[in-house]
Amino acid sequence: MYAIVDIETTGGKYNEEGVTEIAIYKYDGHEIVDQFISLVNPERPIQAFVVGLTGINNDMLRNAPKFHEVAKRIIEITSECVLVAHNAKFDYRILKMEYRRLGYTYERQNICTVELSKKLILDQPSYSLGKLTKNLGIPITDRHRASGDALATVKLFQLLLNKDSEKEIIKKSIRKIPTNQLDNKLIRILEEVPSNVGVYYMHNEAGEIIYIGKSNNIRKRLNQHFTNDSHKSKKMRQEITAVSYESTGNELLALLKENDEIKKNKPKYNRALKKDVFNYAVQSHINEDGYLELKIMKASLVDEPLTSFTTLKQAKNFMEMLTETYGLCQKFTGIYKTDSSCFNYSIKACEGACIGEETPEVYNERVQEVLKRFSYLNKNMILVDRGRENGEKSILLIENGKFQGYGYAQLNHQISNIDILKNIIAPMPNNRDAQHIIQSYMRRKKNIKIIEF
């Protein structure tokens, strides 16, 4: 659990400032679950330049609660949370200072989104909150007011969690879970996870990831783990301290993230990903007569497949669908082995490419339609699918036929502006498994939106 904080102060000498406004959003990694926002009477004058910056003046704070009046609420909302702030050293120092004046020691683990951004979002001209959020397409209102800045930090932190492929943020927060919360741990875990599509991570007491999985219904899948009588499931149940998860909004991102993060984290209870999940592939080539042929081959022999399949039957069914849908020749899709005309020609379902009656130029136009629909070789394109919540879209970026990574956007200009889009993308390796997963999904899901650029 995270407490995302922004504090405005009076300004002045170091450790002599006073809080004028505070906003705290309690964030569970997926949504805001509680909040506290208040002006605060600092019992000291505000510096003139701060008034000009924030718009908060002494008259506005005359009847506001003093810090000792809000101190209990701040402790409650930040209890058992990791404190998150943009330039966390400042906000954490101010909180510790105010509590020290009350004779209380305030301590929280804290995360700085400035430092995280420098690590996870490289080569930005500035890491100030205003300029960074602008370059990421994150809207920010009431700049230099606690609530507006804290809300923008929530959005930024959500993006950083998404980019944290090593899961260092989550691992640190898992280690903060007190042991007295672990009674009836499996029931508690099931109550805390959603029935959404996504990826889940099982952690041991040290916060280490011991298993990664994906499901269209995370809660249902975890329940299966917890009720399974296999030796492996029993051992996992003994070690599990917590389960974190990432809702992905759609199956494609769940598949890609599971594939990538098992490779990165190598959890002890995940079997190594099989190299032969996609055994067969379709490749295109031009024959000696100039016709584009589509051919089923062993996937290991194809460097740049049109698409790929687990079984030979799936590949053959796909070829039959293409032949019928696009009016292709059975001979040139490998369905009908012959040195002359194919069977479909005899029933007038083929235009005669197999015997030269249809020219390569005319026939190849239809094959090019297939290549355009199912291949992203040498293309620049964005795949747009469902996001994690209403109004949000998931985006996959492909440049020059290479998968770059994924992200989420709520505003159209975040998708249409390629520079902003590249900033919000979480990079992923463009390996053979990722290519197979994307190609297979594009083949199966006809409603996925494809934007070429």
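Arginine 443 lies over the face of phenylalanine 318, at 5.7 Å from the ring centre; a charge is counted as over a ring if NZ of Lys or CZ of Arg is within 6 Å of the ring centre and within 35 degrees of the ring normal. Arginine 388 is placed over the face of tyrosine 408, at 3.7 Å from the ring centre. The model is a predicted one, in which local features need pLDDT of at least 70 and side-chain atom pairs count only at pLDDT 80 or more, while totals for chains, interfaces and linings use all residues. Residues are numbered from 1 along each chain as its sequence is written, and side-chain values use heavy atoms, with hydrogens and water left out.

The structure contains 13 aromatic pairs (rings of Phe, Tyr and Trp, the last by its six-membered ring, with centres within 6.5 Å; stacked if the planes are under 30 degrees apart, edge-to-face if over 60, tilted for the rest). One of them joins tyrosine 27 and phenylalanine 157 edge-to-face, at 6.4 Å centre to centre and 70° between the planes. This pair links distant parts of the chain, 130 residues apart: tyrosine 27 belongs to strand 2 (residues 19–27) and phenylalanine 157 to helix 7 (residues 146–163). Helices (H or I, at least four residues) and strands (E, at least two) are DSSP runs numbered from the N terminus. Tyrosine 27 is buried, at 2% relative accessible area, and phenylalanine 157 is buried at 0% (buried, under 20%; exposed, over 50%; partly exposed, in between; 1.4 Å probe, protein chains only).

Tyrosine 99 and tyrosine 104 form a tilted pair, 5.5 Å centre to centre with 55° between the planes. Tyrosine 99 is buried at 1% relative accessibility, whereas tyrosine 104 is partly exposed at 37%.
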